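Please keep the sequence and the structure in view while reading.

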Amino acid sequence: MKYLILSDLHANQEALEAVLDDARGKYESIVCLGDLVDYGAEPNEIVEWTKRHVSAIIRGNHDKICVMDEPIENYHPAARASAEWTRKTLSAESRAYLENLPRGPLRIENFDIVHGSPTDEDEYLFVPSDATLTLDAISAPVTFFGHTHVQGGFLVTRSGSKMIAARGTLEIEPDHFYLLNPGSVGQPRDGDPRAAYAIYSPGERLIEYRRAGYDIAGAAGKILRAGLPESLAARLFNGT
Ligand code: ZN
C-alpha cells in the first residue's frame with residue numbers, strides 16, 4: 001500500500017487541490033495528521049473532503065480549539081480572531097466530525113501517526129534534542145508528525161538525533177527510528193510557500209517529500225474577503 005501523508009491543511013482548499021493534482025496516481029490511501037481547520041477560509045469544504053476521502057486521521061490542536069467553548073483570551077490576536085471566526089463558520093456537521101476525531105498516536109499498518117509528538121499532541125518537535133526525548137514513547141520504526149509546519153524530520157537514536165533534510169526521496173534503514181514530518185499543506189512555515197506533503201511506501205521503505213505550487217493569491221483573497229486577519233493571508237506568500 002502507498003500512502004499520501006497530509007498534515008496541517010488549515011482550511012486551504014487551493015493548496016489541497018494542488019497537492020491532489022500533483023500526487024495523482026502515486027498513492028492508494030490517504031492519511032491525515034490533523035489541523036484540518038483554522039487560519040484558512042474554507043473549513044467546511046476541507047472537512048467535507050476529508051470525510052469522503054481520508055482513510056485514517058487524528059485530531060490536531062486547532063481541530064480541538066475550534067470546537068471547544070472555552071475562552072481563548074491568552075492567544076495571539078490573529079490566532080484568536082481566526083479561531084473565533086472558525087467556530088462561528090463551522091457547520092453543525094463539520095463540528096460533529098471534528099469533535100469525534102481521535103487523539104494520536106494511531107497505528108496504521110506498521111507505522112504511527114501523531115499530531116505534535118509521540119508523547120503529547122500539542123508538543124512541537126523543532127530540533128534533534130526534542131526528538132531524542134520522545135524515544136521511549138516511539139513504538140514503530142516510522143512515526144509521522146506535523147504541527148511545526150516544517151517538512152523534514154529526525155533520525156532518532158539514544159545517543160542523539162539527526163535532522164533529516166526534506167529533499168527528494170529518503171530510504172528507511174532497518175533497525176532505526178524515524179520521526180518524519182510531511183510539512184503543511186495549507187500554511188507552510190519552512191520558507192517554501194508551496195504546499196508540502198509526502199508519499200510513503202512501507203513495502204519499498206521509501207518516503208518521498210514533495211511540494212506543489214498552488215494559487216496562493218486565490219487562497220489569500222478568500223482569507224481577506226472572509227474578514228480574517230490580513231497577516232494570515234500575507235504569510236502564505238512567504239511560507240512563514
Ligand atoms: Zn497546524
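The largest cavity holds about 40 Å³ of space, a cavity being a set of points on a 1 Å grid over the protein atoms alone where a 1.4 Å probe fits but cannot get out. The model is predicted: local features need pLDDT of at least 70 and side-chain atom pairs pLDDT 80 or more, while totals for chains, interfaces and linings use all residues. Residues are numbered from 1 along each chain as its sequence is written, and side-chain values use heavy atoms, with hydrogens and water left out.

Two cavities of 30 Å³ or more are counted. The lining of the largest cavity (residues with an atom within 4 Å of a point) includes A11, Q13, E42 and K222. Helix α7 (216-225) gives the largest share of this lining, three residues. The second largest cavity is lined by H10, N12, Y39, G40, G186, I223 and L236.

The open space is described next. The largest pocket contains about 200 Å³; a pocket is an open set with protein on both sides within 12 Å along at least five of seven lines. Among its 14 lining residues, N61, H62, I65, Y124 and H147 are the closest to its centre.

| Space | Volume | Lining by class |
|---|---|---|
| Largest pocket | about 200 Å³ | five nonpolar, four polar, five charged |
| Largest cavity | about 40 Å³ | four nonpolar, three polar, three charged |
| Second largest cavity | about 30 Å³ | three nonpolar, four polar, no charged |

Which residues coordinate the zinc ion? The donors, which are N, O or S atoms within 2.8 Å of the metal, belong to D8 (OD), H10 (NE2), D35 (OD) and H149 (NE2), at 2.1 to 2.3 Å. D8 lies in the loop between β1 (3-6) and α1, and D35 in the loop between β2 (29-32) and α2, so the pair, 27 residues apart, links distant parts of the chain. The angles among the four donor atoms run from 85 to 174°, and the site is irregular.

The axes of α1 (residues 13-23) and α2 (residues 43-53) come within 10 Å and cross at roughly 30°. Their contact (heavy atoms within 4.5 Å) involves Q13, L16 and L20 of α1 with E45, I46 and W49 of α2.

Terms used: Points joined across faces, edges and corners; volume = space filled by probe spheres on them. Nonpolar A, V, L, I, M, F, W, Y, C, P; charged D, E, K, R; others polar. Axes fitted to C-alpha atoms, helices over the stretch in contact; angles between N-to-C directions. Helix = DSSP H or I, 4+ residues; strand = E, 2+ residues; numbered from the N terminus. Donors = N, O, S within 2.8 Å, 3.2 Å for Na, K, Ca; no water. Tetrahedral: all angles 85-135°; square planar, octahedral: opposite > 155°, others 65-115°.
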